[in-house]
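Subject: Handover of a structure

Dear colleague,

Please find the structure below, together with a short account of what was found in it.

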Amino acid sequence: MPLSRRGFLTAGAAAAAAPALTSAPARALTTHPFGRYGSPARRLTPGTLYVDPYGRGDFTTVQAAVTAATGSGRTLVIAPGRYRETVAVDAGRTEMTWIGASENPRDVVIVYDNAAGTPKPGGGTHGTTGSATTTVQADGFTARWVTFANDWLRADHPETSGTQAVALKAQGDRSAFLHCRFLGHQDTLYADSMALGVLARQYYAHCYVEGDVDFVFGRATAVYEHCHFRTLNRTDLAAAPYGFVFAPSTVAAEPRGYLVTRSRVSSGAPDAFYKLGRPWVPSSDPTARPMLTVRDTRLGPGIDAAAPYTDMSAAHPWQDQRFAEYRNTGPGAAVIVPENRPQLTAAQAASATRTAWLGDWTPWEEC
């Protein structure tokens with residue numbers, strides 16, 4: 001029987017609650033929880049802080065370490081564990097780096113279970129932004145080998161209509177996520193910016209992202225390279241579509257939105273039950289012109305090849321947006337109805353690169 005969402009997270013994290021299911025790297029860190037990244041007694045740098053849920057570091061929670069890491073250029077080394085908390089990195093904590101000490105993202109899991117419709121203390125609900133398990137507003141943020149998760153489940157809350165439940169909301173410029181996982185259902189990864197007209201370049205490499213409805217969304221200028229996107233099965237719906245992988249909300253003046261390259265999309269759902277994308281034109285920016293380019297990527301049978309795109313609103317048809325593909329492969333990439341699959345020319349594709357998207361910032365050199 002497949003593990004439930006919470007069972008999967010427990011199995012993937014190196015928490016004492018499930019020691020028999022921890023991975024080999026986590027076991028190797030039993031006596032040295034920070035691996036090759038030093039310790040409070042032997043810090044990598046004076047600005048390095050250590051997080052361990054069992055008290056062997058400077059702090060037992062990630063948020064406590066973030067709060068203590070004032071200024072710029074601080075590093076958090078995070079020991080294996082399942083950190084059930086919400087975390088916020090404000091704009092003043094620039095150039096921060098998080099390192100999962102075992103170098104296996106399954107071992108370091110930051111997870112919580114707020115949804116948009118979850119009541120807040122004092123009244124009201126969290127809303128989509130407030131549902132995020134982790135929010136990063138600072139420029140120059142880098143995370144390696146960390147899982148960001150939201151384990152809120154629709155089945156547990158049939159009374160809740162606000163089912164958006166964000167695992168990570170990233171808003172800063174030069175935000176890099178390397179070898180990370182993003183787990184959730186609706187609105188898993190919110191790749192956004194701090195405000196309209198503010199550039200937020202983001203780079204995701206060798207990452208795993210899963211969900212169902214619009215589970216990669218927002219207005220960032222983002223590159224997803226060598227990433228694996230997986231669409232989840234659903235038992236609450238009887239017919240397609242089950243959901244949508246990408247929902248960019250690129251501002252009209254920004255020439256670049258989401259670029260997906262050398263990646264793959266797989267599915268746990270029936271064939272053709274998912275759309276590759278739909279444009280999000282939010283009420284806060286009614287002139288948005290979402291942009292999505294998917295190239296050199298394998299699209300599995302879960303993607304509806306005949307109609308891979310659809311509208312979020314009839315007032316903003318996807319055909320009026322900036323959606324395009326180039327040299328994709330797999331059954332979900334078959335060009336069955338040509339007008340439903342805009343393709344870049346070779347000349348256009350030559351400009352659809354990570355360098356064009358990110359400019360003089362080269363985070364792939366750190367992979």
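Helices (H or I, at least four residues) and strands (E, at least two) are DSSP runs, numbered from the N terminus. By that numbering, R327 lies in the loop between β25 (322–326) and α5 (346–349). Although R327 is not a glycine, its phi is positive, at about 55°. R327 is exposed, with a relative accessible area of 51%; buried means under 20% relative accessible area, exposed over 50%, and partly exposed in between (1.4 Å probe, protein chains only).

As to the sources, this is a predicted model, in which local features need pLDDT of at least 70, side-chain atom pairs count only at pLDDT 80 or more, and totals for chains, interfaces and linings use all residues. Residues are numbered from 1 along each chain as its sequence is written, and side-chain values use heavy atoms, with hydrogens and water left out.

R174 is found in the loop between β10 (168–170) and β11 (175–178) and is partly exposed, at 24% relative accessible area.

Seven strands make up an open, parallel sheet in the order β4-β7-β10-β13-β16-β19-β22, where pairing requires at least two DSSP bridges between two strands. β4 (87–89) and β22 (274–277) are at the edges with a single partner strand each, so one side of each has no neighbour in the sheet. Strand β19 (residues 243–248) is joined to β22 by three bridges, and F246 stands opposite G277 in β22.

Within strand β7 (residues 134–136) lies T134, which is buried at 0% relative accessible area. Finally, the peptide bond from A240 to P241 is cis.

Yours sincerely
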